[in-house]
Amino acid sequence: MFLDLTEEQKLIQDTAREFAKAELEPVAAQLDQGHDRAPMLANLKKLAELGFMGLNVREEFGGTEAGTIGFSLVMTEIARACASTAVTVSVSNMVCEVIQAIGNEAQKKAYIPKICSGEYAAGGFALTETGAGSDPSGMVTRAVDDGDSYVLNGTKIFITSAPYAGVFVVWAVTDKEAPKGKGISCFLVEAGTKGLVIGKEEKKMGQHASATNEVIFDDCRIPKSALMGKLNDGFRTAVAELAGGRIGIGSLGLGVGLAAMDHATRYTTERSQFGQKISNFQAIQWMVADHYTELEAARLLLMNAAFRKDSGKTFAKEASMAKMYATEAANRACFAAVQMLGGYGYTQDFPVERYARDARITAIYEGTNEIQRVIISREILRNFN
């Protein structure tokens, strides 16, 4: 089995790493502390110019065709510098992939190039509702057929990049009499459409620079041409795209975990206690060994899931395994990093405090890790039945 990256993949990884180090890392703490997102929005535009908003998108629509492995590599490098920027890039890539997968030619040409080029700062993925989180089939947002248009009513929550997204992929019930999960359709709704209201922004534990808002549809009228894919077949699409998104979030978690361990390990080679560097103590050495090993295992799981997706093989189980393991390994690594710095690790003078807060959500969004365990066990048990 050949596990090395291709020359193109190495170039993509190096480009992302250099950009993250030069442009993202210097402003990450500032973005975490303040409310001025201007530096992040400027960097999103630069990332689009590098081709990082459409990594698994065809060239004809403005993408780079770097594939899922390239996407994973970029996500890891961006997250090592700024998790808030990374989640915006991940979701925008996912929106592009949804439109590419089920949109018609007019929809693809109208929206994907705008995200890939940075004309739209981001794309919005509007699926989650108050009563439909881990179980999105329980959504109640409705899209009612009204002649030459649909009328949307309902509220989505926890929508990443909502205030600056140029277009939203929105799921809504179109046949309330259908069995659960069967009467859901997928729509494209442009920012600024009358009746689309960006609601309150959540005050979060971490990833402060990434906006997370309610999105309210109040008699929001959209043309029939806004329907993507087949009527009443949207839930299947949502499930399929979430699997790919889990590779992105797992890669984000990996990047944050690596950043935390890199900072903490470097610190232990400089900090002295009892007359010697604390990196000489076995307790520290075992933390370094354990967490770098776990993060390397996470990387391999992510590469396997990405390779299977790029190869056209089934990858849902592998994506869930990678997302679950990588995000939990990242959380363990971040808390170990805080411990390795001692009291300093608990202060905002050192970035490991931010890494620990930023990592926590990765075990929750894009499907909680409890749901990942359900998916994994279901796929394994199916083979025994």
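**Labels and their cut-offs**

Guide: UniProt lists residues 6-119 as "domain: Acyl-CoA dehydrogenase/oxidase N-terminal", from an unreviewed entry. UniProt positions follow the numbering used here, feature names are shortened, and annotations may be inferred rather than shown by experiment. Residues are numbered from 1 along each chain as its sequence is written. The model is predicted, with local features needing pLDDT of at least 70 and side-chain atom pairs pLDDT 80 or more, while totals for chains, interfaces and linings use all residues; side-chain values use heavy atoms, without hydrogens and water.

Visitor: What are the helix and strand percentages over residues 6-119?
Guide: That span is 76% helix and 0% strand, with its end C-alpha atoms 31 Å apart. Helices (H or I, at least four residues) and strands (E, at least two) are DSSP runs, numbered from the N terminus.

Visitor: Which backbone atoms lie 2.9 Å from a polar atom of the Asn93 side chain?
Guide: One is the backbone nitrogen of Leu55, at 2.9 Å; another is the backbone oxygen of Val89, at 2.9 Å. A polar contact is a pair of N or O atoms within 3.5 Å; within protein, one must be able to donate a hydrogen and the other to accept it, and residues adjacent in sequence count only if both atoms are side-chain atoms.

Visitor: What does UniProt place at residues 124-220?
Guide: The record, an unreviewed entry, gives "domain: Acyl-CoA oxidase/dehydrogenase middle". Here the chain is 0% helix and 53% strand, and the end C-alpha atoms are 16 Å apart.

Visitor: How do you know that β2 and β3 pair?
Guide: Two strands pair if DSSP finds at least two bridges between them. Five bridges join β2 (residues 142-146) to β3 (residues 149-160), and the strands run antiparallel. Asp146 has Ser149 in β3 as its bridge partner. Two residues separate the strands of this hairpin, and Gly147 in the turn has a positive phi of about 75°.

Visitor: Which feature covers residues 232-380?
Guide: UniProt's unreviewed entry annotates "domain: Acyl-CoA dehydrogenase/oxidase C-terminal" there. The span is 74% helix and 3% strand, and its end C-alpha atoms lie 29 Å apart.

Visitor: What makes a ring pair stacked, tilted or edge-to-face?
Guide: Rings of Phe, Tyr and Trp (its six-membered ring) pair if their centres lie within 6.5 Å; planes under 30 degrees apart count as stacked, over 60 as edge-to-face and the rest as tilted. By this rule there are five aromatic pairs. In one of them, Tyr267 and Phe350 are 6.1 Å apart centre to centre with 85° between the planes, hence edge-to-face. Tyr267 sits in helix α6 (residues 234-268) and Phe350 in the loop between α8 (316-341) and α9 (352-360), 83 residues apart.
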